[in-house]
Amino acid sequence: MFNVLSAYAGDPILSLQLAYRDDARADKTNLSIGLYYDDQGNVPRLKSVIEAQARVAQSTQPSMYLPMSGDPAYCKVSQALLFGQDADVIKQGRVATIQTVGGSGALKVGSDVIRRFFPAIEARISNPTWDNHRAILEGAGFKVDTYPYFNRDTQRLDFDAMAAALRQLPAQTLVLLHPCCHNPTGADLSPAQWDEIVDIIASRQLIAFLDTAYQGLGEGLEQDAYLIRALVKANQSFLVANSYSKIFSLYGERCGSLSMVCANADEASRALGQMQQAVRRNYSSPPAYGASLVQTVLNDAELNALWRSEVDEMRVRIQSMRERLHQGLCAAQPNVDWDFLLAQRGMFGYAPVLAAQMNRLRDEFGVYIIESGRICVAGLNTGNVDRVARAFAAVL
Ligand code: LMR
(Lines give C-alpha, C1' and ligand atoms only; values in the text may rest on other atoms or scores of the structure.)
Protein backbone atom coordinates (compact mmCIF):
# COMPACT_ATOMS: atom_id res chain seq x y z
CA MET A 1 0.00 0.00 0.00
CA PHE A 2 2.58 2.54 1.06
CA ASN A 3 5.03 1.52 -1.59
CA VAL A 4 4.08 4.70 -3.43
CA LEU A 5 5.76 6.81 -0.76
CA SER A 6 9.01 8.39 -1.90
CA ALA A 7 12.02 8.82 0.39
CA TYR A 8 12.38 12.11 2.27
CA ALA A 9 15.74 13.73 1.62
CA GLY A 10 15.72 15.18 5.13
CA ASP A 11 15.91 18.79 6.25
CA PRO A 12 19.27 20.46 5.59
CA ILE A 13 19.44 22.03 9.07
CA LEU A 14 17.97 19.26 11.21
CA SER A 15 19.98 16.52 9.45
CA LEU A 16 23.24 18.28 10.28
CA GLN A 17 22.17 18.57 13.89
CA LEU A 18 21.88 14.77 14.01
CA ALA A 19 25.24 14.30 12.29
CA TYR A 20 26.81 16.64 14.86
CA ARG A 21 25.23 14.71 17.73
CA ASP A 22 26.66 11.45 16.40
CA ASP A 23 30.16 12.86 15.80
CA ALA A 24 32.45 11.27 18.44
CA ARG A 25 35.20 13.94 18.23
CA ALA A 26 35.66 15.90 21.46
CA ASP A 27 36.61 19.17 19.77
CA LYS A 28 33.61 19.34 17.40
CA THR A 29 31.84 22.69 17.05
CA ASN A 30 28.18 23.12 16.17
CA LEU A 31 27.60 26.25 14.08
CA SER A 32 24.77 24.71 12.08
CA ILE A 33 21.34 24.93 13.72
CA GLY A 34 20.21 28.21 15.32
CA LEU A 35 20.99 27.37 18.94
CA TYR A 36 22.43 29.84 21.44
CA TYR A 37 25.31 28.35 23.46
CA ASP A 38 26.96 30.11 26.39
CA ASP A 39 30.70 30.67 26.69
CA GLN A 40 31.12 27.21 28.28
CA GLY A 41 29.58 25.66 25.18
CA ASN A 42 26.25 24.76 26.83
CA VAL A 43 22.73 25.61 25.77
CA PRO A 44 21.84 27.65 28.86
CA ARG A 45 18.90 27.44 31.19
CA LEU A 46 17.96 31.06 31.85
CA LYS A 47 17.77 32.10 35.52
CA SER A 48 14.41 33.77 34.93
CA VAL A 49 13.05 30.54 33.43
CA ILE A 50 14.42 28.38 36.25
CA GLU A 51 12.56 30.59 38.73
CA ALA A 52 9.39 30.38 36.63
CA GLN A 53 9.72 26.59 36.55
CA ALA A 54 9.89 26.55 40.35
CA ARG A 55 6.75 28.67 40.59
CA VAL A 56 4.83 26.65 38.00
CA ALA A 57 5.84 23.43 39.82
CA GLN A 58 3.92 24.67 42.89
CA SER A 59 0.67 24.56 40.96
CA THR A 60 -1.80 21.87 42.05
CA GLN A 61 -4.01 22.34 38.98
CA PRO A 62 -4.64 19.37 36.67
CA SER A 63 -3.27 19.52 33.12
CA MET A 64 -6.26 20.72 31.12
CA TYR A 65 -6.61 21.42 27.41
CA LEU A 66 -5.83 25.03 26.60
CA PRO A 67 -8.32 26.87 24.38
CA MET A 68 -7.61 26.66 20.63
CA SER A 69 -6.02 30.11 20.85
CA GLY A 70 -3.87 29.13 23.82
CA ASP A 71 -3.25 30.73 27.18
CA PRO A 72 -4.82 34.24 27.22
CA ALA A 73 -2.16 35.59 29.62
CA TYR A 74 0.57 34.36 27.26
CA CYS A 75 -1.12 36.00 24.26
CA LYS A 76 -1.36 39.27 26.17
CA VAL A 77 2.34 39.40 27.10
CA SER A 78 3.26 38.41 23.55
CA GLN A 79 1.31 41.39 22.25
CA ALA A 80 3.09 43.73 24.66
CA LEU A 81 6.49 42.40 23.62
CA LEU A 82 5.80 42.73 19.91
CA PHE A 83 3.66 45.86 19.70
CA GLY A 84 4.88 47.70 22.81
CA GLN A 85 3.49 47.96 26.33
CA ASP A 86 0.11 49.77 26.26
CA ALA A 87 0.19 50.14 22.46
CA ASP A 88 -2.95 51.85 21.14
CA VAL A 89 -3.49 49.15 18.53
CA ILE A 90 -3.90 46.61 21.36
CA LYS A 91 -6.17 48.85 23.41
CA GLN A 92 -8.33 49.32 20.31
CA GLY A 93 -8.74 45.53 20.09
CA ARG A 94 -7.25 45.50 16.58
CA VAL A 95 -4.73 42.72 17.21
CA ALA A 96 -5.87 39.10 17.31
CA THR A 97 -3.20 36.88 18.88
CA ILE A 98 -2.99 33.13 19.41
CA GLN A 99 -0.40 30.91 21.05
CA THR A 100 1.24 28.61 18.52
CA VAL A 101 3.49 25.57 18.35
CA GLY A 102 6.71 27.53 17.91
CA GLY A 103 7.28 30.11 15.20
CA SER A 104 6.77 27.41 12.57
CA GLY A 105 3.28 26.72 13.89
CA ALA A 106 2.52 30.43 13.62
CA LEU A 107 3.74 30.50 10.02
CA LYS A 108 1.63 27.46 9.21
CA VAL A 109 -1.59 28.76 10.79
CA GLY A 110 -1.13 32.23 9.28
CA SER A 111 -0.42 30.74 5.85
CA ASP A 112 -3.50 28.51 6.05
CA VAL A 113 -5.77 31.41 7.00
CA ILE A 114 -4.48 33.74 4.28
CA ARG A 115 -4.52 31.03 1.64
CA ARG A 116 -8.13 30.20 2.45
CA PHE A 117 -9.38 33.77 2.07
CA PHE A 118 -6.98 34.93 -0.68
CA PRO A 119 -6.81 31.78 -2.85
CA ALA A 120 -5.51 33.59 -5.93
CA ILE A 121 -2.50 35.36 -4.45
CA GLU A 122 1.16 34.33 -4.54
CA ALA A 123 3.84 34.54 -1.84
CA ARG A 124 7.32 36.04 -1.95
CA ILE A 125 10.26 35.20 0.29
CA SER A 126 13.72 36.78 0.44
CA ASN A 127 16.56 35.23 -1.55
CA PRO A 128 17.95 33.58 0.51
CA THR A 129 15.73 32.77 3.47
CA TRP A 130 15.22 30.06 6.08
CA ASP A 131 14.47 26.90 4.03
CA ASN A 132 11.30 26.13 5.92
CA HIS A 133 9.64 29.39 4.79
CA ARG A 134 9.22 28.06 1.29
CA ALA A 135 8.18 24.63 2.56
CA ILE A 136 5.50 26.00 4.89
CA LEU A 137 4.07 28.43 2.34
CA GLU A 138 4.05 25.81 -0.42
CA GLY A 139 2.52 23.35 2.03
CA ALA A 140 -0.33 25.81 2.51
CA GLY A 141 -0.80 25.87 -1.26
CA PHE A 142 0.93 29.10 -2.24
CA LYS A 143 2.98 29.55 -5.36
CA VAL A 144 6.21 30.89 -3.90
CA ASP A 145 8.90 32.97 -5.57
CA THR A 146 11.74 35.10 -4.22
CA TYR A 147 12.62 38.78 -4.05
CA PRO A 148 16.29 39.82 -4.20
CA TYR A 149 17.82 40.43 -0.79
CA PHE A 150 21.51 39.68 -0.57
CA ASN A 151 24.32 40.48 -2.97
CA ARG A 152 26.91 37.69 -2.90
CA ASP A 153 29.52 39.95 -4.56
CA THR A 154 29.42 42.62 -1.87
CA GLN A 155 28.32 40.16 0.85
CA ARG A 156 25.74 42.73 1.88
CA LEU A 157 22.04 43.50 1.72
CA ASP A 158 20.93 44.58 -1.76
CA PHE A 159 18.34 47.06 -0.62
CA ASP A 160 17.76 48.73 -4.00
CA ALA A 161 17.04 45.43 -5.72
CA MET A 162 14.73 44.36 -2.90
CA ALA A 163 12.75 47.61 -2.97
CA ALA A 164 12.54 47.59 -6.77
CA ALA A 165 11.19 44.02 -6.78
CA LEU A 166 8.58 44.71 -4.11
CA ARG A 167 7.43 47.76 -6.09
CA GLN A 168 6.54 45.47 -9.01
CA LEU A 169 4.38 43.02 -7.04
CA PRO A 170 0.64 42.74 -7.67
CA ALA A 171 -1.63 44.00 -4.89
CA GLN A 172 -2.19 41.56 -2.02
CA THR A 173 0.95 39.52 -2.66
CA LEU A 174 1.97 37.89 0.61
CA VAL A 175 5.51 39.09 1.41
CA LEU A 176 7.51 37.34 4.09
CA LEU A 177 9.88 39.69 5.93
CA HIS A 178 12.41 39.23 8.75
CA PRO A 179 12.09 42.27 11.07
CA CYS A 180 15.54 41.61 12.58
CA CYS A 181 18.46 39.17 12.53
CA HIS A 182 17.78 37.94 9.01
CA ASN A 183 18.09 34.17 8.73
CA PRO A 184 20.45 33.11 7.14
CA THR A 185 22.39 36.26 6.19
CA GLY A 186 22.37 38.43 9.34
CA ALA A 187 21.97 41.38 6.93
CA ASP A 188 19.29 43.68 8.33
CA LEU A 189 17.57 46.82 7.09
CA SER A 190 18.07 50.16 8.86
CA PRO A 191 14.97 51.93 10.26
CA ALA A 192 15.10 54.34 7.29
CA GLN A 193 15.14 51.42 4.86
CA TRP A 194 12.24 49.77 6.68
CA ASP A 195 10.32 53.06 6.35
CA GLU A 196 10.77 52.83 2.60
CA ILE A 197 9.57 49.20 2.58
CA VAL A 198 6.55 50.17 4.70
CA ASP A 199 5.68 52.85 2.11
CA ILE A 200 5.88 50.25 -0.65
CA ILE A 201 3.73 47.79 1.32
CA ALA A 202 1.13 50.51 1.87
CA SER A 203 1.11 51.88 -1.67
CA ARG A 204 1.18 48.44 -3.36
CA GLN A 205 -1.30 47.01 -0.82
CA LEU A 206 0.91 44.03 -0.06
CA ILE A 207 0.20 41.63 2.79
CA ALA A 208 3.27 41.60 5.04
CA PHE A 209 3.93 38.42 7.02
CA LEU A 210 6.67 39.09 9.57
CA ASP A 211 8.68 36.26 11.07
CA THR A 212 10.47 37.37 14.23
CA ALA A 213 12.40 34.59 15.97
CA TYR A 214 15.33 36.61 17.34
CA GLN A 215 13.84 39.75 18.88
CA GLY A 216 16.45 41.21 21.23
CA LEU A 217 19.44 39.48 19.64
CA GLY A 218 20.00 42.15 16.97
CA GLU A 219 20.01 45.65 18.47
CA GLY A 220 17.71 45.19 21.49
CA LEU A 221 14.17 44.08 22.34
CA GLU A 222 12.53 47.39 21.44
CA GLN A 223 14.79 48.30 18.50
CA ASP A 224 14.25 44.89 16.88
CA ALA A 225 10.49 45.52 16.82
CA TYR A 226 10.92 48.61 14.61
CA LEU A 227 9.23 47.15 11.53
CA ILE A 228 6.26 45.80 13.51
CA ARG A 229 5.61 49.19 15.03
CA ALA A 230 6.25 51.09 11.78
CA LEU A 231 3.59 48.99 10.02
CA VAL A 232 1.14 49.73 12.83
CA LYS A 233 1.93 53.44 12.56
CA ALA A 234 1.27 53.27 8.82
CA ASN A 235 -2.13 51.71 9.58
CA GLN A 236 -1.41 48.46 7.75
CA SER A 237 -3.11 45.09 8.20
CA PHE A 238 -0.46 42.39 8.52
CA LEU A 239 0.63 39.20 10.31
CA VAL A 240 3.43 38.56 12.81
CA ALA A 241 4.80 35.14 13.76
CA ASN A 242 7.10 35.08 16.77
CA SER A 243 9.14 32.44 18.56
CA TYR A 244 10.48 32.19 22.11
CA SER A 245 12.81 29.27 21.33
CA LYS A 246 16.01 31.30 21.20
CA ILE A 247 15.23 34.24 23.45
CA PHE A 248 13.98 32.02 26.30
CA SER A 249 16.30 29.11 25.49
CA LEU A 250 13.14 26.98 25.42
CA TYR A 251 13.64 25.17 22.13
CA GLY A 252 11.82 21.97 23.06
CA GLU A 253 8.74 23.67 24.48
CA ARG A 254 7.69 25.05 21.07
CA CYS A 255 6.47 28.45 22.23
CA GLY A 256 5.37 30.90 19.58
CA SER A 257 2.53 33.22 18.73
CA LEU A 258 0.67 34.50 15.71
CA SER A 259 -0.86 37.97 15.58
CA MET A 260 -3.08 39.44 12.90
CA VAL A 261 -3.25 43.23 12.95
CA CYS A 262 -6.62 44.31 11.60
CA ALA A 263 -8.42 47.50 10.58
CA ASN A 264 -10.84 47.36 13.53
CA ALA A 265 -11.94 45.22 16.47
CA ASP A 266 -14.71 43.49 14.54
CA GLU A 267 -12.30 42.36 11.85
CA ALA A 268 -9.86 41.22 14.58
CA SER A 269 -12.52 39.05 16.21
CA ARG A 270 -13.17 37.33 12.88
CA ALA A 271 -9.41 36.92 12.36
CA LEU A 272 -9.20 35.29 15.78
CA GLY A 273 -12.02 32.90 14.86
CA GLN A 274 -10.31 31.89 11.62
CA MET A 275 -6.99 31.31 13.37
CA GLN A 276 -8.79 29.19 15.98
CA GLN A 277 -10.40 27.15 13.24
CA ALA A 278 -7.05 26.60 11.52
CA VAL A 279 -5.57 25.47 14.85
CA ARG A 280 -8.44 23.07 15.49
CA ARG A 281 -7.93 21.54 12.06
CA ASN A 282 -4.17 21.23 12.48
CA TYR A 283 -3.54 20.25 16.12
CA SER A 284 -6.61 21.30 18.12
CA SER A 285 -4.88 23.34 20.81
CA PRO A 286 -1.32 24.21 21.81
CA PRO A 287 0.66 22.64 24.69
CA ALA A 288 0.50 24.38 28.06
CA TYR A 289 3.79 24.02 29.92
CA GLY A 290 6.21 26.23 27.97
CA ALA A 291 3.63 28.98 27.63
CA SER A 292 3.10 28.96 31.40
CA LEU A 293 6.84 29.59 31.85
CA VAL A 294 6.97 32.43 29.32
CA GLN A 295 3.94 34.18 30.75
CA THR A 296 5.17 33.73 34.34
CA VAL A 297 8.44 35.46 33.43
CA LEU A 298 6.90 38.26 31.38
CA ASN A 299 4.10 38.96 33.86
CA ASP A 300 6.39 39.36 36.86
CA ALA A 301 8.24 42.70 36.98
CA GLU A 302 11.33 41.24 38.61
CA LEU A 303 11.57 38.16 36.39
CA ASN A 304 10.82 40.26 33.33
CA ALA A 305 13.73 42.59 34.15
CA LEU A 306 15.99 39.60 34.82
CA TRP A 307 15.00 38.02 31.51
CA ARG A 308 15.65 41.28 29.62
CA SER A 309 19.13 41.39 31.11
CA GLU A 310 19.68 37.76 30.08
CA VAL A 311 18.68 38.56 26.49
CA ASP A 312 21.06 41.54 26.56
CA GLU A 313 23.81 39.25 27.75
CA MET A 314 23.18 36.81 24.89
CA ARG A 315 23.24 39.62 22.34
CA VAL A 316 26.47 41.11 23.69
CA ARG A 317 28.17 37.70 23.79
CA ILE A 318 27.17 36.90 20.20
CA GLN A 319 28.48 40.27 19.06
CA SER A 320 31.78 39.76 20.85
CA MET A 321 32.15 36.34 19.18
CA ARG A 322 31.43 37.92 15.81
CA GLU A 323 34.24 40.38 16.46
CA ARG A 324 36.60 37.63 17.62
CA LEU A 325 35.87 35.54 14.51
CA HIS A 326 36.48 38.60 12.36
CA GLN A 327 39.81 39.26 14.11
CA GLY A 328 40.86 35.64 13.73
CA LEU A 329 40.01 35.61 10.02
CA CYS A 330 41.78 38.94 9.40
CA ALA A 331 44.87 37.61 11.17
CA ALA A 332 44.84 34.38 9.14
CA GLN A 333 44.00 36.00 5.80
CA PRO A 334 45.01 39.68 5.96
CA ASN A 335 44.40 40.19 2.22
CA VAL A 336 40.71 39.28 2.41
CA ASP A 337 38.09 41.87 3.39
CA TRP A 338 36.15 40.22 6.21
CA ASP A 339 34.36 43.41 7.31
CA PHE A 340 31.03 42.15 5.96
CA LEU A 341 30.86 39.89 9.03
CA LEU A 342 30.83 42.93 11.32
CA ALA A 343 27.88 44.43 9.45
CA GLN A 344 25.75 41.34 10.21
CA ARG A 345 23.47 41.03 13.22
CA GLY A 346 21.81 38.33 15.29
CA MET A 347 22.66 34.67 15.60
CA PHE A 348 24.05 34.18 12.14
CA GLY A 349 26.99 35.11 10.00
CA TYR A 350 26.97 34.47 6.29
CA ALA A 351 30.17 33.74 4.42
CA PRO A 352 30.96 32.68 0.86
CA VAL A 353 31.55 29.04 1.78
CA LEU A 354 31.13 26.49 -1.01
CA ALA A 355 29.67 23.01 -0.44
CA ALA A 356 33.09 21.35 -0.79
CA GLN A 357 34.58 23.75 1.75
CA MET A 358 31.69 23.09 4.11
CA ASN A 359 32.42 19.36 3.86
CA ARG A 360 36.11 19.95 4.62
CA LEU A 361 35.19 22.09 7.63
CA ARG A 362 33.10 19.23 8.96
CA ASP A 363 35.31 16.28 8.01
CA GLU A 364 38.76 17.73 8.78
CA PHE A 365 38.01 20.22 11.55
CA GLY A 366 34.74 19.07 13.14
CA VAL A 367 33.16 22.45 12.41
CA TYR A 368 29.51 22.13 11.36
CA ILE A 369 27.86 24.90 9.32
CA ILE A 370 24.98 24.62 6.90
CA GLU A 371 25.52 24.41 3.19
CA SER A 372 24.41 27.93 2.35
CA GLY A 373 27.45 29.29 4.20
CA ARG A 374 25.42 30.28 7.25
CA ILE A 375 27.50 30.25 10.44
CA CYS A 376 25.71 30.18 13.78
CA VAL A 377 27.92 32.72 15.55
CA ALA A 378 26.09 31.92 18.80
CA GLY A 379 27.87 28.54 18.81
CA LEU A 380 31.28 30.22 19.15
CA ASN A 381 32.97 30.72 22.52
CA THR A 382 36.32 31.92 23.84
CA GLY A 383 37.50 28.29 23.82
CA ASN A 384 36.74 27.48 20.17
CA VAL A 385 36.64 30.75 18.22
CA ASP A 386 40.34 30.90 17.33
CA ARG A 387 40.35 27.27 16.24
CA VAL A 388 37.24 27.88 14.11
CA ALA A 389 38.80 30.97 12.52
CA ARG A 390 41.89 28.92 11.60
CA ALA A 391 39.66 26.18 10.17
CA PHE A 392 37.82 28.70 7.99
CA ALA A 393 41.08 30.25 6.86
CA ALA A 394 42.41 26.78 5.96
CA VAL A 395 39.47 25.83 3.72
CA LEU A 396 38.43 29.15 2.17
C1 LMR B 1 17.49 27.54 12.37
O2 LMR B 1 17.27 28.30 11.43
O3 LMR B 1 18.55 26.91 12.50
C4 LMR B 1 16.46 27.37 13.44
O5 LMR B 1 15.38 28.22 13.19
C6 LMR B 1 16.09 25.98 13.72
C7 LMR B 1 15.28 25.34 12.63
O8 LMR B 1 14.22 24.80 12.95
O9 LMR B 1 15.68 25.35 11.47
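## Alanine 241

In which strand is alanine 241 found? In this predicted model, alanine 241 belongs to strand β9, which covers residues 238-243. Alanine 241 counts as buried because it has 26 C-beta neighbours inside 10 Å, and the cut-off for a buried residue is 20 or more.

Leaving out residues up to four places away in sequence, alanine 241 touches Gly103, Ala106, Leu107, Gly110, Leu210, Asp211, Gly256 and Leu258. Aspartate 38 lies 203 residues from alanine 241 in sequence, and their C-alpha atoms are 26 Å apart in space.

Strand β3 spans residues 123-127. Four of its five residues are buried, so β3 is largely enclosed by the rest of the structure.

β3 pairs in the parallel sense with strand β4 (residues 144-148) over five bridges. In this pairing, alanine 123 stands opposite valine 144. Together with helix α6 (residues 131-139), β3 and β4 make a right-handed β-α-β unit. β3 also runs parallel to strand β7 (residues 174-177), joined to it by two bridges. Here the bridge partner of alanine 123 is leucine 174.

## Surroundings of the ligand

Ile13, Ile33, Gly34, Trp130 and Asn183 surround the ligand. Three residues of this shell are nonpolar, two are polar and none is charged.

## The annotated domain

An unreviewed UniProt entry lists residues 27-392 as "domain: Aminotransferase class I/classII large".

Conventions: Residues are numbered from 1 along each chain as its sequence is written. This is a predicted model: local features need pLDDT of at least 70, side-chain atom pairs count only at pLDDT 80 or more; totals for chains, interfaces and linings use all residues. A residue is near a molecule or strand if its C-beta atom, placed from the backbone, lies within 6 Å of it. Ala, Val, Leu, Ile, Met, Phe, Trp, Tyr, Cys and Pro count as nonpolar, Asp, Glu, Lys and Arg as charged, and the others, Gly among them, as polar. A residue is buried if 20 or more other C-beta atoms lie within 10 Å of its own, exposed if 12 or fewer, and partly exposed in between; C-beta atoms are placed from the backbone. Two residues are in contact if their C-beta atoms, placed from the backbone, lie within 7 Å. UniProt positions are given in the numbering used here, feature names are shortened, and annotations may be inferred rather than shown by experiment. Two strands pair if DSSP finds at least two bridges between them. A crossover is right-handed if, with the strands pointing away from the viewer, the path from the first strand over the helix to the second runs clockwise.
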